[in-house]
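Please read them with the sequence and the coordinates open.

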Amino acid sequence: MNSEFTHILIVDDEVSICNILGQYLKKRGYSVFTVQCAEQALEVLEDKSVDLVITDIKMPGITGVDLLKIIKKNNSTIPVLITTGFPTLDTAIEALKLGAYDYLTKPFHLEEIGEKVRRAIISKQLEEENLLFSKLVSLHEVTKVLTSTLDIAELDKKFLNYSIKMSKADGGALLINDSSGRLSISETCGKVEKKLWVNQALTNAARWVLSREEPIVIESGVNVLPSGLLPIPPEFKSFISFPLKTPSRIVGVLSLVRFANRQPFTNLDLEIINVLASQASISIENVRLYQNIRDNYLKTIRAFALAVEAKDEYTHGHSENVMKYTVVLARHLGLPDQEIELVKYAGLLHDIGKIGISEQILNKAGKLTDREFEEIKKHPELGARIIADVPFLKSLVPMVLHHHEFYCGGGYPTGISGTEIPFGARILSVSDAFEAMTSDRPYRKSLSQEVAFSILKKEKGKQFDPNIIDAFLDIVHSTGE
Ligand SMILES: [Fe+2]
């Protein structure tokens, strides 16, 4: 640290001491503030950037030891040198125990002061570097968590929470820039009332950051601000706002505040948040792109499912219902999110092969002939063939192909049994059967839920996987249906 940028605060009720010390340290190139009591010292600490405090112990009002306690309570890295005219070992030990960097006895030896000041400032730098290092280590962990999150709401919440925690802010807001360039609040967190985030000064600042693509720091009481910016509300001491940049665009803005009774954000806080924001921006953009692709994917699959249902007037809504039952079952069975996603799509698409079956057979009111039933039985293979060549549907093939297999064997199209049948297909088989039984068919009216439950129970371990039937009945009992 260059000494001309090093600010030393001297606190002593004796003006002559302040003058002697102040002049000596100024000569050595330091910038010096002098005050005669701890109360004034606290005001300076609140408003100015201070690198070292030299305080007398015995002062009217708040003592030097109490001032030291307050500085340390604020988790400050500012070193404190205690000066005393009553050099007792007890006073020195008490001050050191409370976190004083060192003590000086009056009368002063100026050379000794110069040396202790120099060492205290080096120690502060080292402490800040250590702090930065430990924050960077935890930042690395945070980045890992953020890049592994695929849910938009969860990612926004985690990112904001980490930002508040790492900058020791009282509150924060994450604003997202949508594709039309509109900035809107996606998440707020901390002790700040939500309505304050829509305060004009704060929203102006966020828009300023978005358009300039650079961060802004606004301290309370500062009236000369860049054009377009307003002073922050009196509730706040300090406000910072960062653009969340990716190589191609600004995905949003992160704003953080500290209340009026706090210290302003430090340069270290700004550095940490800057690194965190630049890491998180990519995750925030990626997770939104991923969500977009997933939504389009689901729309495509829905269109396929509707195309099938358009041929078969009795199966209207069947695929959507099968999808819903399948998701509930898969979740109850503890499948990971990504697999739940797959069975969900398979639920929508399981009967896609019916697109190749004649409408006369699908809509026949009477009993099917053997030949007609053989035709119907072709739909799992037809469906598997249709989706096999579609890259994003390929992983659904085993579930679509085997959704009519029986757990005890003898189903179609292959007759495999037990765990040979893909787990997703076994789940689909239960939800498909329940949905089919409880809705009208060309050849019969819908069965009541009670009758359907008893059929599922009867077929437990035969047509259906016993564990899945247990899970199904578990859900039914817990929801009271
Ligand atoms: Fe089917």
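1. The C-alpha centres of domain 1 and domain 2 are 35 Å apart. The domain assignment of the protein chain places domain 1 at 3–126, domain 2 at 149–288 and domain 3 at 312–479, with bounds that come from an automatic or database domain assignment. This is a predicted model, in which local features need pLDDT of at least 70 and side-chain atom pairs count only at pLDDT 80 or more, whereas totals for chains, interfaces and linings use all residues. Residues are numbered from 1 along each chain as its sequence is written.

2. On overall dimensions, the protein chain has a radius of gyration of 35 Å, while a compact globule of 481 residues would have one near 23 Å; the radius is taken over C-alpha atoms, and the globule rule is 2.2 Å times the number of residues to the power 0.38. Along the principal axes, the C-alpha atoms of the protein chain fill a box of roughly 115 × 50 × 35 Å.

3. The protein chain contains 17 helices and ten strands, taken as DSSP runs numbered from the N terminus (helices: H or I, at least four residues; strands: E, at least two). Of its 481 residues, 33% count as buried, where buried requires 20 or more other C-beta atoms within 10 Å of the residue's own, exposed means 12 or fewer, partly exposed lies in between, and C-beta atoms are placed from the backbone.

4. An open sheet is formed by five strands in the order β2-β1-β3-β4-β5, with parallel pairing; two strands pair if DSSP finds at least two bridges between them. Because β2 (31–35) and β5 (102–105) stand at the edges with a single partner strand each, one side of each is left without a neighbour in the sheet. From one strand to the next the twist averages 20°.

5. Within this sheet, β1 and β2 pair in the parallel sense over five bridges, and V11 stands opposite V35 in β2. β1 is mostly covered, with four of its five residues buried. Four bridges join β4 (residues 80–84) to β5 in parallel, and the bridge partner of L81 in β5 is D102. Helix α1 (residues 15–27) lies across β1 (7–11), β2 and β3 (52–56), and runs at about 170° to β2, the angle being between N-to-C directions on a scale from 0 to 180 degrees, with axes fitted to C-alpha atoms and, for helices, over the stretch in contact.

6. The largest nonpolar core has 38 residues, and those with the most contacts inside it are L329, A346, L349, L396, V400, V430 and I468; such a core is a set of buried Ala, Val, Leu, Ile, Met, Phe, Trp, Tyr and Cys residues joined through C-beta atoms within 7 Å. Helices that each supply at least two residues of this core include α8 (267–311), α10 (337–349) and α17 (466–479), and the largest share, six residues, comes from α15. Apart from it lies another core, of 37 residues, among them V142, A206, I273 and I284.

7. I would also look at I340, which sits in helix α10. Is I340 buried or partly exposed? I340 counts as partly exposed because it has 19 C-beta neighbours inside 10 Å. Leaving out residues up to four places away in sequence, I340 touches V327, A330, R331 and L335, a contact being two C-beta atoms, placed from the backbone, within 7 Å.
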